Amino acid sequence: MRILIADDDALSKGLLEKALACAGYEVTTVADGRHAVECLSQPDAPRLALLDWMMPELDGPGVCREIRKLREQSYVYMILLTSRESKEDIVAGLESGADDYLVKPFDAEELKARLRTGERILHLEGRLVEAREQMRFKAAHDPLTSLWNRGVIMDLLGRELTRSQREHGCTAVLLGDLDHFKSVNDTHGHLVGDQVLREVARRLLLSVRSYDFVGRYGGEEFLVVLNNCRPDSAMARAEEIRKIICTRPIQTDAGLLGITMSLGLLLSSDWGRRPADELLREVDGALYAAKNAGRNRVMQAKPEEPRQRVPAPQSAAERVR
Amino acid sequence: MNNSDRTPETASVNLGELLARVDNDRELLCDLLSIFKREFPDQLTSLQTAVAGNDAAQAARVSHTLKGMLANLTVTKAAASASRLERLARAGENSSLGDALAAFEKDVQGLLPEMESYMAEARP
């Protein structure tokens with residue numbers, strides 16, 4: 001584990017460095033408080049620090065206060081080294097944000113034991129951060145495909161539409177639905193159906209740029225948001241997405257399955273200032289038209305070409321796919 | 001390490017403890033002693049100047065540094081004298097600083113030659 005020693009006393013620094021290197025730590029040393037703050041503020045900074053109380057530029061408690069102000073970074077476990085023994089001093093040191101203190105000259109075994117305490121705290125913090133990140137991921141992603149879930153992809157679409165309206169750009173919205181997916185589930189079972197959904201998700205992600213968004217909109221429905229899309233290339237990109245699904249059969253436990261996708265396409269620049277849910281109804285209409293026209297195709301929603309509209313919003317399961 | 005002129009009773013440094021601290025690393029011991037040899041005279045002069053000039057704040061700072069250096073090298077008696085100086089200087093008891101400095105100077109007398117003899121013995 002990496003550790004920072006901040007001490008202006010070369011003797012003390014030398015002794016600490018030796019003790020810590022023997023204990024297996026990877027040691028970085030600085031000679032004043034300013035450099036300690038600089039080092040600990042780096043993204044890949046050591047997360048254990050031994051700070052001498054009295055240092056030029058900025059003292060140990062000053063370093064603790066500065067580091068505790070940085071909320072975004074990982075927790076740094078800081079131990080103050082002091083030859084001060086009065087209670088008031090120790091209280092002041094701990095209140096500056098230090099986790100512990102050690103009286104100089106230090107005893108090597110005590111130093112190592114206190115550092116092990118620090119490592120335990122950091123390990124615990126690491127587990128909490130990991131758990132929080134997992135919760136965040138679960139709250140935003142579809143568990144089967146790991147794509148954005150419906151709530152998030154809708155938010156992202158709303159934000160992207162607002163941005164493209166403000167910047168007079170164009171966002172392409174693609175709503176895709178797997179053709180005859182119900183029969184995949186009915187014939188081969190849901191586990192095979194899940195394999196198909198996962199592979200489709202993977203291919204969709206491969207077919208877009210890093211700043212585009214792909215979400216699972218419903219059972220076998222996927223919403224793709226192509227940001228900053230040139231209107232004259234949108235249909236070609238939609239076709240690429242359609243082809244990436246149909247050109248190669250999908251490997252499943254039931255063997256290779258040929259899967260196709262029908263897509264509705266909508267360009268925000270065609271529709272002016274319209275809310276996301278309204279545009280989604282329009283692109284859903286285009287998807288419905290693609291299904292009616294024989295499936296495995298892309299149909300574009302255009303305001304000047306009224307189509308036969310779906311009378312009321314239907315779920316994927318209700319529709320004839 | 002043996003030195004005919006020095007017995008455990010007269011030595012300022014607790015060599016056994018110091019060697020344990022550096023994990024018997026004689027090279028490191030030499031490095032630490034040479035750091036001390038380099039820095040100690042300047043610190044001592046700085047302390048003498050501060051006491052002579054009645055500069056309690058500076059006397060406190062320097063005696064704190066000296067206390068740390070000496071304690072790290074297990075020169076316990078002189079470290080205690082430096083600690084007393086620091087305490088008096090922080091309390092602003094300027095009238096007592098002269099005597100405390102004299103006591104400290106007595107405790108560090110002969111320290112540098114002692115360090116040098118250790119260095120000579122420790123060098124491979």
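## Interface between chains A and B

In this predicted model, 18 residues of chain B are in contact with 12 residues of chain A. The area buried between the two chains is about 1400 Å², and carbon and sulfur atoms give 67% of that area. On the side of chain B, the residues that lose the most area to chain A are B:R21, B:H64 and B:N72, which together account for 36% of what that side buries.

Polar links between the chains are also counted. Between chain B and chain A there is one salt bridge, in which the side chains of A:K18 and B:D25 meet at 2.8 Å, N to O. The count of residue pairs in polar contact between these chains, with both residues at pLDDT 80 or more, is one. Of the elements, α3(B) gives the most, with seven residues. By class, this side of chain B has eight nonpolar, three polar and seven charged residues.

## Salt bridges within helices of chain A

Over all chains, the structure holds 32 salt bridges. One of them joins the side chains of A:E110 and A:R114, at 2.9 Å from N to O. Both residues lie in helix α5 (residues 108-140) of chain A; because they are four residues apart there, about one helical turn separates them. A:E110 is partly exposed, with a relative accessible area of 34%, and A:R114 is likewise partly exposed, at 25%.

A further salt bridge forms between A:R203 and A:E199, whose closest N and O atoms are 2.7 Å apart. These residues are four apart in helix α8 (residues 190-207) of chain A, so they too are separated by about one helical turn. A:R203 counts as buried at 2% relative accessibility. A:E199 has 16% relative accessibility and also counts as buried, since the cut-off for buried is under 20%.

## A link between helices of chain B

In chain B, B:E86 forms a salt bridge with B:K67, the closest N and O atoms being 2.8 Å apart. This pair links distant parts of the chain: B:E86 belongs to helix α4 (residues 76-90) and B:K67 to helix α3, with the two residues 19 apart. B:E86 is buried, with a relative accessible area of 6%, and B:K67 counts as buried at 11% relative accessibility.

## A salt-bridge network in chain A

Salt bridges also link A:D7, A:D52 and A:K104 in a network.

Conventions:
Residues are numbered from 1 along each chain as its sequence is written. Chains are lettered from A and ligands numbered from 1 in the order in which they are written. This is a predicted model: local features need pLDDT of at least 70, side-chain atom pairs count only at pLDDT 80 or more; totals for chains, interfaces and linings use all residues. Side-chain values use heavy atoms; hydrogens and water are left out. Contact means heavy atoms within 4.5 Å. Buried area is the accessible area (1.4 Å probe) that two parts lose on being put together, summed over both. A salt bridge is a side-chain nitrogen of Lys or Arg within 4 Å of a carboxyl oxygen of Asp or Glu. A polar contact is a pair of N or O atoms within 3.5 Å; within protein, one must be able to donate a hydrogen and the other to accept it, and residues adjacent in sequence count only if both atoms are side-chain atoms. Ala, Val, Leu, Ile, Met, Phe, Trp, Tyr, Cys and Pro count as nonpolar, Asp, Glu, Lys and Arg as charged, and the others, Gly among them, as polar. Buried means under 20% relative accessible area, exposed over 50%, partly exposed in between (1.4 Å probe, protein chains only).
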